[in-house]
Amino acid sequence: MTDLASYAPLAIILLMAITFAVANVVLTLLIGPRRRGKIKGMTYESGMNPIGTARKRFNVRFYLIAMVFLVFDVEIIFLYPWAATFPNLDPSSPDALVWLFRILFFLLTTVVAYLYGFRKGVFRFD
Amino acid sequence: MIERIAWLWPEIILFLATCVVMVLGVSPRLALRRQCAFVSGLALFLAAMVAIATGPMATSPWPQMVPFMKGTAGFVGLLTLLVLAGTVDREVDRDQELGRGFAALRANRAEFYAFFLFSMTGLMLCASADDLIWLFLALELTSLPTYVMVTISTRRSRSQEAGVKYFFLGALGAAIFLYGFSLLYMGTGSTDLGAISTQILAQAEGGAINDIAMAGLVLSLIGVSFKIAAVPMHFYTADVYQGAAASVSAMLAFVPKAAGFIAILLLVSTVGWQWGVADTAGVSLGAGHSLPEPVRLLLWVMAVFTMTVGNVLALLQRSIKRILAYSSIAHSGYMLVGVIAGPQGARFIDNGVAATLFYLLSYGLMNVGAFAVVASMEHKGEEADDLDALRGLCRTRPWLGWTMVICALSLLGFPFTLGFFAKVPLFTSGIAAGEYALVVILGINSAIAAFYYLRLAALPMLEEPVGEAPALTRVPARIVAGVLSAGAALGMVLVAGFFMERAARAAVPGLFDGTHASQSATDQIARSGERRADE
């Protein structure tokens, strides 16, 4: 059980995190000013004026836009490590070619996602 | 790593087909959209053929199982595809034929076929997994598309409810086995199944298997039991199968189950069937032909409860889909008997893993027929799900009726059907492994199952039809699938020997050879090191 000692920093961090969270809430309750009013109680304080209720129908297309955004976003995330590693490969080795085709294949999937989104009418705003 | 691509061509073919289907399925031209099913079928066929032609995968813990399972997945998938065809988009197509235009946002065909192919890709990736992370991703790739398929299979809120339920419980199952995987990694220091195996053997020779690794293995098995609908995680089965369209239920009964059994076989192969029965963790390595006691006990309890709960609850149902759902739980219990018995013995009938693999193939083939009949009995957009709908079906709709009779008898394990030849090896391998109590429980459960399966067979065959037969929506592919499935249930018997021999060959583990006493763990570590250096 001696190797449990190596986890001591983790325990300290955990303790600090809990203390920090609890202390913030408690301190705000104790010393924070309390002012109430109509403006202060609004949904977006010092933001937009809310119109109507939250139970409103909105176009399902927003989901599709979010999804398409996600596709390209994730794509970029994968491109970075590839771009950082690729120059280190020996250009004459077969590995380099495989790596190149790998990313091209990966980009092909984005094209498919784009085509799918296009045909589905995601990019049509009418 | 790169050499592995040589074994992954089936998955790559399926993935490319998925890309094609994804674009084809949203085409404004009806004729092009109708090609989705054809492209999917062609890809599945090609993938299965390529997998069989490629042969064993050297890096897998079960090298020979890879082509066997990929082939099984491909061909059962083809049969399932025939049932799946025409599940979605019938209204959208009709609207376009009537000249009302095509609303791409309402059409679901692209998603439906693409997700089916994704799921099949996941199943095939599962078969070639040799690493915990790979296995996790493959299992999730198998399951995630099925959640969507359940939801979009009909336009009723029942399907959406089923989809949400399936998704949340699936996420719970995935969380449990992922936690198990992380503990297994903590206890052995590797995610490679081969390295885990050598590490566990080394630990066992030094005294006992690491408790954390054992806990990880147990948790992983419990989590994976969601995929095979085994007892601690079976609650979703009936509701989801009933809520989804029958065609999607047919797929759910095979694809995640096959992936789950592959995962279970991969996971237990890291400890292997080489431990004494009475001992706890590993003191008697090489002394016996059983799994380590904690794992054996877990699988034993799971098998007994899964069979019993599935069969008893199936007795109480009136909905055909619920009966088939509970019976699918029971079938998982039967197959677990083979996993417990293990791959001992050179002969097929002594080899429990071979029995499990052959059962999976047979179950996949004969189960599609039963669901195809339910899917075909569609009247005004509503599937006739009550048992009464089967009354006198052999008179009114002979093809559907006799398909149901044959498939139900085969699922029961009636002599001289495929189900019989699939079930007998489970009994014999259990006896060969000395699991007498389990075999007795298996026998009792088969008797309970006879009650509801005979009802499924007797209602169409012996009863008189009630009133006028309703006009059914004709989807010819489903009848073809049903007839093919019933034909397999009878005709496969003639060539069962060939497939049994393949299954026996597939069930030879690559990690250990069952005679561990002759070689020490250090040898194995050296061998594994060489293997990894080769990669």
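Select E463(B) and display its surroundings: beyond its neighbours within four places in sequence, E463(B) is in contact with R391(B) and G392(B), contact meaning that C-beta atoms, placed from the backbone, lie within 7 Å. This is a predicted model, in which local features need pLDDT of at least 70 and side-chain atom pairs count only at pLDDT 80 or more, while totals for chains, interfaces and linings use all residues. Residues are numbered from 1 along each chain as its sequence is written, and chains are lettered from A and ligands numbered from 1 in the order in which they are written.

Stay with E463(B). Between E463(B) and R391(B) lie 72 residues in sequence, yet their C-alpha atoms are 5.6 Å apart. With 15 other C-beta atoms within 10 Å, E463(B) is partly exposed (buried is 20 or more such atoms, exposed 12 or fewer, partly exposed in between).

Next, select residues 236-243 and 320-341 of chain B, which are helices α11 and α14 (DSSP runs of H or I, at least four residues, numbered from the N terminus). Their axes come within 8 Å and cross at roughly 140°, the axes being lines fitted to C-alpha atoms over the stretch in contact, with angles from 0 to 180 degrees between N-to-C directions.

Finally, colour by chain: eight residues of chain A are in contact with nine of chain B.

How values were computed: Contact = placed C-beta atoms within 7 Å. Helix = DSSP H or I, 4+ residues; strand = E, 2+ residues; numbered from the N terminus.
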